[in-house]
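Please keep the sequence and the model in view while reading.

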Amino acid sequence: MNYTILYFFSKEFISYLYNLLYNSFGDTMYTIKENTKKELLIKNSRFIAVLKKIERKEDVPSLLEKIKKTYPKATHYCYAYIIDDVEKSSDDKEPSGTAGLPILNVLKKQEMNHIIAVVIRYFGGIKLGAGGLVRAYSKSVKETLEEVEKNTLEKAFLVEIEIDYKEQKKLDYLLKDSTILKKEFREKVFYQFLIEEKKIDILSSYSYQIIRHSLLEKES
């Protein structure tokens, strides 16, 4: 007797698998240097890919609203974004899995981060079918990414530290290749900065607090 076994995976498990793939990319990822866009015409439908740098998921709704005002009356506004270890995609009424996920897969395959890709579609009257939609949305983002310059994103820690004033010059030197976000002169000198994970050992003589994992953008 033959049995067919069906496996149903939860969204949480699928997200876990994606994060596993994300972490397998290594220490270096990429982001775009400048926001950009590109338009393709595929079987009378206009596909406009808009790529933007983004730092916080809270900025996504306002960004999407601006795009909808720039490109009014489009049939679909499909998107995907990756911000650190947070990712999301939307098919925006296209058949499930034919738009948002293909966009996300292109971003992940090219090891992108701190980026949102929105593909605006003006329907041209010819249905593309599920496979055609996947190819169209993937091609739109892939070709746009190929034309834009990229910066590297190194895995980093967001760190806070307080030091005596006499230590300030030394710490400033150690952090010359890091990004200092805050420097406040209190009873002691307070620092908040981004430092590459591989360089965290330079702080071994200090008492510091790692706030969270992050990414540090560097010119390619």
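How many bridges join β3 to β6, and in which direction do these strands run relative to each other? Eight bridges join the two strands, which run antiparallel. The model is predicted: local features need pLDDT of at least 70, side-chain atom pairs count only at pLDDT 80 or more, and totals for chains, interfaces and linings use all residues. Residues are numbered from 1 along each chain as its sequence is written, and side-chain values use heavy atoms, with hydrogens and water left out.

**The chain as a whole**

- The protein chain has five helices and ten strands; these are DSSP runs numbered from the N terminus, with helices being H or I of at least four residues and strands E of at least two.
- Of its 220 residues, 42% count as buried, where buried means under 20% relative accessible area, exposed over 50%, and partly exposed in between (1.4 Å probe, protein chains only).
- Among contacts (heavy atoms within 4.5 Å) with a separation of 6 or more, 70% are between residues 24 or more positions apart.

**The sheet**

- Five strands form an open sheet in the order β2-β3-β6-β4-β5, with antiparallel pairing; two strands pair if DSSP finds at least two bridges between them.
- The edges are β2 (36–42) and β5 (86–90), each with a single partner strand, so one side of each has no neighbour in the sheet.
- From one strand to the next, the twist averages 15°.
- Leucine 51 stands opposite alanine 117 in β6.

**The helices on the sheet**

- The buried residues of α2 (residues 60–70) are Val60, Leu63, Leu64 and Ile67.
- Seen down the axis of α2, these residues fall within an arc of 95°, so they line one face of the helix; the arc is that of the directions from the helix axis to the C-beta atoms.
- An α-helix has 3.6 residues a turn, so residues three or four places apart point the same way.
- Pro61, Lys66 and Lys69 are exposed on the other side of α2.
- The cover over the buried residues of α2 includes β3 (45–53), β4 (76–83) and β6 (115–122).
- Helix α2 lies across β3, β4 and β6, at about 30° to β6; axes are lines fitted to C-alpha atoms, for helices over the stretch in contact, and angles run from 0 to 180 degrees between N-to-C directions.
- Helix α3 (residues 100–109) also packs on the sheet, touching β4, β5 and β6, and its direction makes about 35° with that of β4.

**Aspartate 84**

- Aspartate 84 is in the loop between β4 and β5.
- Aspartate 84 counts as buried because its relative accessibility is 17%.
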